[in-house]
Amino acid sequence: MALDKDKIIADLKEASILELNDLVKAIEDEFGVSAAAPVAAAGAGAGAAEAEKDSFDVELTESGDQKIKAIKVIREITGLGLKDSKGLVDNVPSIVKEGASKDEAEDIKAKLEAVGGVVTLK
């Protein structure tokens, strides 16, 4: 038996919400599945993956009121020149370091927060 996908899609477009709800319930009953199960499983998997994260992107979200000190810290961390470091501080939010280990990311965050910056680890 070959399915006519175009006809099925056209029929679904013309169906009311109540008819579609009844169809979903009938499919769930017939095949012993739940339409909500994949969504719940995906949400649980995302939380577990986040807990096991081992590399972080360090983002400067606010430079604070001590911009010159923040520029010095950026230069120390990244090895960038004065102009590029100033650009990162002036154009927040900006990524300071990508793929940093947890310890390195926490160290960078502490240094930038010590000079008034606001840092987010992603």
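**Strand pairing and helix packing**

Reply: A starting point in this predicted model is Val-58, which stands opposite Lys-97 in S2.

Me: In which sense do strand S1 and S2 pair, and over how many bridges?
Reply: Strands of a sheet pair through backbone hydrogen bonds, and the pairing can be either parallel or antiparallel. For strand S1, spanning residues 55–62, and S2, the sense is antiparallel, and the number of bridges is 5.

Me: What is the strand order of the open sheet?
Reply: The edge strands, each pairing on one side only, are strand S2 (94–101) and strand S3 (118–121). The sheet is open and has 3 strands with antiparallel pairing, in the order S2-S1-S3.

Me: Which helix packs on the sheet, and what angle does its direction make with that of S2?
Reply: From one strand to the next, the twist of the sheet averages 25 degrees. Helix H6, residues 102–114, packs on this sheet and touches S1, S2 and S3, while the angle between its direction and that of S2 is about 145 degrees.

Me: What is the make-up by class of the contact of H4 with H5?
Reply: H4 passes H5 in a right-handed crossing. On the H4 side the contact is made by Lys-67, Ala-70, Ile-71, Ile-74, Arg-75 and Thr-78, and on the H5 side by Leu-82, Ser-85, Lys-86, Leu-88, Val-89 and Asp-90. Sorted by class, these residues of the contact of H4 with H5 are 6 nonpolar, 2 polar and 4 charged.

Me: Is Ser-85 buried or exposed?
Reply: Ser-85 is found in helix H5, and, leaving aside residues up to four places away in sequence, Ser-85 touches Ile-71, Ile-74, Arg-75, Thr-78 and Leu-80. Its relative accessibility is 0%, and because the cut-off is under 20%, Ser-85 counts as buried.

Me: In what order do the elements of the protein chain run from the N terminus on?
Reply: The protein chain holds 6 helices and 3 strands. Read from the N terminus, the elements follow one another as α-α-α-β-α-α-β-α-β.

Definitions and conventions. Residues are numbered from 1 along each chain as its sequence is written. This is a predicted model: local features need pLDDT of at least 70, side-chain atom pairs count only at pLDDT 80 or more; totals for chains, interfaces and linings use all residues. Side-chain values use heavy atoms; hydrogens and water are left out. A crossing is left-handed if the near helix is turned anticlockwise from the far one by less than a right angle, and right-handed if clockwise. Helices (H or I, at least four residues) and strands (E, at least two) are DSSP runs, numbered from the N terminus. Contact means heavy atoms within 4.5 Å. Ala, Val, Leu, Ile, Met, Phe, Trp, Tyr, Cys and Pro count as nonpolar, Asp, Glu, Lys and Arg as charged, and the others, Gly among them, as polar. Two strands pair if DSSP finds at least two bridges between them. Axes are lines fitted to C-alpha atoms, for helices over the stretch in contact, and angles run from 0 to 180 degrees between N-to-C directions. Buried means under 20% relative accessible area, exposed over 50%, partly exposed in between (1.4 Å probe, protein chains only).
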